[in-house]
Amino acid sequence: MRWIVLLLFLVNAGLFAWFQTLGQSVDTPAVQPPPKEAQGERIQLLSEVPASSLAAVAPPPQHVEPEAAEDQLCTILGPFEEAYQGEDIVQRLGALEVTAQLRNIEMQGQMRYWVYLAPMGSRREALHKLRQLQAEGIDSYVIPKGSLSNGISFGIFAERGRAASLVDDLRGRGIDVLMREEPQTYAELWLVIPPGGSGQLAEEFWQELQLEYPQLSLRQNLCEEVRSGNPGPGQSAGG
């Protein structure tokens, strides 16, 4: 009986030692320390950023191309007596990839001077005045239309001195006449090349053209004046 108790004691002691050894061999999960905060600046919301800082990093404004200058020069060639002459040159320029347009342009000539009586209240009144003037031997006629309609005209003169002399003569006879300047205009056929177009052409092109059409004139005028139909005398353009 004593040996049985001793055997049980030894078995229990062995089991106790075995369980102790088994418990030490099981890895205990290590407790990791909390991660340190990353170095550098903290992420900020857009609402947290001061307005002054936003302005400092704002993207640069986009470049806006300036509008075309109003004083650009167009090249004009002419005048042409016949349309087919201008059309021939338009086709030749087109083959060189230069745009051109044949246009009727109202040109300004020399100044003229109009001697007249101011418009009457009606045509009947104007005709009555006309008969009085003609009875005195004064050459005149009723102006039929325009801003001076129903006025009396005594003539339009190319020389200011002649017009002024007539004004003095008629006023000396008690006729309250007036004088105003009237620019003379007339239509001509010209070839118009937009700004920069003539610069694409070699000097030999203009020389050849001058030999074929010696009567033509090459000018540079403000494009705005060309569009308005009154380019004026313009500037001489070199080839």
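Start by selecting Ser153, which lies in strand β4 (helices, H or I of at least four residues, and strands, E of at least two, are DSSP runs numbered from the N terminus). Before going on: this is a predicted model, where local features need pLDDT of at least 70 and side-chain atom pairs count only at pLDDT 80 or more, while totals for chains, interfaces and linings use all residues. Residues are numbered from 1 along each chain as its sequence is written, and side-chain values use heavy atoms, with hydrogens and water left out.

**Stop 1: Ser153**

Is Ser153 buried or exposed? Ser153 counts as buried because its relative accessibility is 0% (buried is under 20% relative accessible area, exposed over 50%, partly exposed in between, with a 1.4 Å probe and protein chains only). Leaving aside neighbours within four places in sequence, the contacts of Ser153 (heavy atoms within 4.5 Å) include Val115, Tyr116, Asp139 and Tyr141.

**Stop 2: the largest core**

Select Val115, Leu117, Ile152, Phe154, Ile175 and Val177: of the 17 residues in the largest nonpolar core, these touch the most other members. Such a core is a set of buried Ala, Val, Leu, Ile, Met, Phe, Trp, Tyr and Cys residues joined through side-chain atoms within 4.5 Å. The elements giving two or more residues to this core are β2, α4, β4 and α5 (160–172). Zoom in on Leu117: not counting residues up to four places away in sequence, Leu117 touches residues including Lys129, Leu133, Ile152 and Phe154. There is also a second, separate core of 16 residues, with Phe80, Ile89, Leu93 and Leu216 among them.

**Stop 3: helix α4**

Next, show residues 123–135. Colour Ala126, Leu130 and Leu133, the buried residues of α4. They sit on the same side of α4, because their arc around the axis is only 65°; the arc is that of the directions from the helix axis to the C-beta atoms. On the other side, Arg124, Arg131 and Ala135 are exposed. The cover over the buried residues includes β2 (101–117), β3 (141–142) and β4 (152–157). Following α4 is Gly137, with a positive phi near 80°.

**Stop 4: helix α3**

Which residues of α3 are buried? Pick Gln85, Gly86, Ile89 and Leu93. These buried residues fall within an arc of 95° seen down the axis, so they line one face of α3. They pack against β1 (73–78), β2, β5 (178–193) and α6 (203–212). Turn to the other side of α3 for exposed Tyr84, Gln91 and Ala95. Just after α3, Glu97 has a positive phi of about 60°.

**Stop 5: the disulfide**

Finish with Cys74 and Cys223, which form a disulfide with sulfur atoms 2.1 Å apart (a pair of cysteine sulfur atoms within 2.5 Å qualifies). Cys74 lies in strand β1 and Cys223 in helix α7 (residues 223–228), so the pair ties together parts that are 149 residues apart in sequence. The link of Cys74 and Cys223 is right-handed, at 110° about the S-S bond. Both Cys74 and Cys223 are buried.
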